[in-house]
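Thanks, everyone. Please have the sequence and the model on your screens. I'll take one chain as a whole, then a single residue in another.

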Amino acid sequence: MLFHSLEFAIFLPLVFGLYWFVVSRNLRQQNLLLLLASYVFYGWWDWRFLSLIIFSSATDFVIGSELHKSTDSRTRKALAGTSLLFNLGLLGYFKYANFFIDSFISAFGSIGVALEPTTLNIILPVGISFYTFQTLSYTIDIYRRKLEPEKDPVAFFAFVSFFPQLVAGPIERASNLLPQFSKPRNFSYDQAKDGLRQILWGLFKKAVIADNCGVYVNQIFSQSHELEGSVLALGVFYFAFQVYADFSGYSDIAIGTARLFGFNLLPNFRLPFFSTSIGEFWRRWHISLNTWFADYVYTPMAIGLRDWGLYAIVFALFVTFSLSGLWHGANWTYVAWGIVMSAGAIFEVLTKKRRKRLRKKVSRKVWNFLSGLATFSFICFSFIFFRADTLGQAFIYLGNLLQPELLALPHPLSLAKIGPWMLVLLGFEWVQRKHLHPLVLDRLPTPVRWCIYYALLYMLVNMGTSNQSFIYFQF
Amino acid sequence: MNEAPTSAIKQFIKRLACFALPLLVMPVLIYLTDPFGIFRTDFSRQVIEPNQHFAKMEFLTQEIRPYDSFIFGSSKAGNVDSRKLVNGNFYNMSYSMGLPYEWYHDLKILLEAGYDIHQVVLLLDERTYNRTHQMNNSLLRHPFDASEMERWKFKAKYLFRIPNFYVLEKALYPLHQHDPFLVQYDIHGSGIPFKTSREAWVDANLAEHLEDPRFSETPTTYLPTPEEALAYIAHIRDLCSERHIELTVMMAPIHPRKMESLKVNRFDDFLIDLEGVVPYLDFSGANSVNRDNKNWLEQHHFRWHVGDLIVERLNTGRKFKDFGVWRGRN
């Protein structure tokens, strides 16, 4: 079920009404309702894959409980290993099996050994990358004795499948979300009102900005072999905005929806395009995934290899970003994107002292502007790999981009129509940066606020394109 | 134990209802004015162009109408009076910015509905190669879906999709204002627009018309997206061949000023690629008809008498001067 679909527009008020009017007195019933609603939400796409979530939830519920009981370190390691193997195995089979088979066949083919092409007929279950990482963090945190296991299966199953963030995050930590299922939830007027406003902002970003940018991006990338550099630059620029508005829009809708039911999810984006370094960008972009990788991959690896000195950080960055790239999709383009990102991050680590010296020589504003521009350009450059269908297409795109025409005025001019709305998005988010989302406008009189909401709704229904899926659904 | 719902939630619902009230007035207004003719059964009082695609397909699929041939195209195809075509009982499926992707799906819907189709005529134009079906999602062009459920969903969304102020103003005062250039559409008849008063005005004010600054405007250019068009023209060709339907493909006349900008965007390449898909009758070249502004309403739409030359060509095969050449046919 898509957030910006008619089905969801019926589903959400229905669940909201049942939740606050029918089962509001009983926490367990509320959790049960959320669990059932989440399964309906997910099953709307393909009910067969519900079994996968149920199986995954059951496995980690049992393992979590056993991990907590056990004091024997061998048993604990075996249990944690089983959870890792199970979750990553699930992800590996459904998401990466064909990718690895194809890559092996290509690798053998390149050394002259021809293998029979075999492709498994596997459908990628929506959201599998998100909920497996969520359940993994639960088990690892219990293993590290940072978290108590959940005793109520209904609460745990509802935590894994919580519909606002089930298919595209934010990837919630059990330590943040799970306790909320055990505490009484009473309706808060302010929280629900603000949740609705955040949903509206998310829908605006998705339907008005992302989907309209997407129309141009698809055209430009499909003809990258014959377009001039300036149009290709515009294509990458639009894609950066498309992916940002699409995914941060989804996160806003997810967070806003959760707030309607009395839950607080972690923020997932904080003005990433205003970052002045790659490191800062990754602390502001897809925060829930990047903190996951930081906590469970980068930090343990950098600490484990600390004897290597600076090389430990370089190696850990390379591995973490490559894995993060692969997490996004079973394609070498994503791995290449991760490697490009790691190169940027490693460059920053290696040049930290020199940049610090240089920074002292120029004014703070000039430095921030230039480093912000350089960071944004680098991010756009890396997105060529993220968006391209194949590595070949990415290199052709790059080759055609870096031509003298790069500095010419993009032709045709009709491509620039969506530009002003992207500036509105950035400007509004910047002005309201101190708030949870830009529609926190409580200082304004009610009629003005309502006019802004109506204007957004107007744009939503009139400028929004058809029901395009969210980009991150495929991950 | 949680607390029972308090006054907070009641206050929330009340406030939400107040906010939504104006939004609920809008669907009623949209339904009553029905600017794009989605609910309309009588188009004689239609003030602005209806969503012809939706309205025509709904009309055709409600029951089997007495047509055995169809002409598909953008609004330009509306200026081809298909009633004058002698080799079949034609319905004119023209609508604003129609595209091969949609024609293919429409054709399949019509065949599945039980139409015994003998002839299909496609009138392509420059929109064919620089638009994709995803761009046709406005109220004026939202396509018709075979599934009943999808049609209901579109109608429900339509009620909440607010037209711009120009459209609303026109829709609200249909009877009081007289638009001298009003176009009306014979949706429940031949499918063509009724001959417009604009045509009569041009005849009476030819000198003024020829000075119309629109003829010298530089047209907006778009990125070419020929792949979808070529693929779906090929699908239509295959479908027609499979169902023994006679297919005629034509490229519409194109104003020379527009042709200049199209050449920059590789329109010529598209014409060459099209030859590889299907032979077609090309009226787009720099022929004597296209060069004369007397034959144009503006840069986009040729006049009815030019449509008659196309009809004549289809009926008799006779070529008017240098107007229209076959491409891709030995």
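Start with the contacts in chain B. Count those between residues at least 6 apart in sequence, and 76% of them join residues at least 24 apart. Keep in mind that this is a predicted model.

Now the make-up of chain B. It has 13 helices and six strands. Along the principal axes, its C-alpha atoms fill a box of roughly 85 × 50 × 40 Å. The chain has 330 residues, and 34% of them count as buried.

Next, strand pairing. Strand β3 of chain B covers residues 119-124, and strand β4 of chain B covers residues 246-251. The two pair in the parallel sense, over six bridges. Look at Gln119(B): Glu246(B) in β4(B) stands opposite. β4(B) also pairs with strand β5 of chain B, residues 280-282. That pairing is parallel too, over two bridges. Here Met250(B) has Leu281(B) in β5(B) as its bridge partner.

Over to chain A, and Leu439(A). This residue sits in the loop between α17 (419-431) and α18 (446-463). Is Leu439(A) buried or exposed? Buried, because 24 C-beta neighbours lie inside 10 Å, and the cut-off is 20 or more.

What does Leu439(A) touch, leaving out residues up to four places away in sequence? Arg197(A), Gln198(A), Leu200(A) and Trp201(A). Take Arg197(A) from that list. In sequence, Leu439(A) and Arg197(A) are 242 residues apart. In space, C-alpha to C-alpha, they are 6.0 Å apart.

Methods
Residues are numbered from 1 along each chain as its sequence is written. Chains are lettered from A and ligands numbered from 1 in the order in which they are written. This is a predicted model: local features need pLDDT of at least 70, side-chain atom pairs count only at pLDDT 80 or more; totals for chains, interfaces and linings use all residues. Helices (H or I, at least four residues) and strands (E, at least two) are DSSP runs, numbered from the N terminus. A residue is buried if 20 or more other C-beta atoms lie within 10 Å of its own, exposed if 12 or fewer, and partly exposed in between; C-beta atoms are placed from the backbone. Two residues are in contact if their C-beta atoms, placed from the backbone, lie within 7 Å. Two strands pair if DSSP finds at least two bridges between them.
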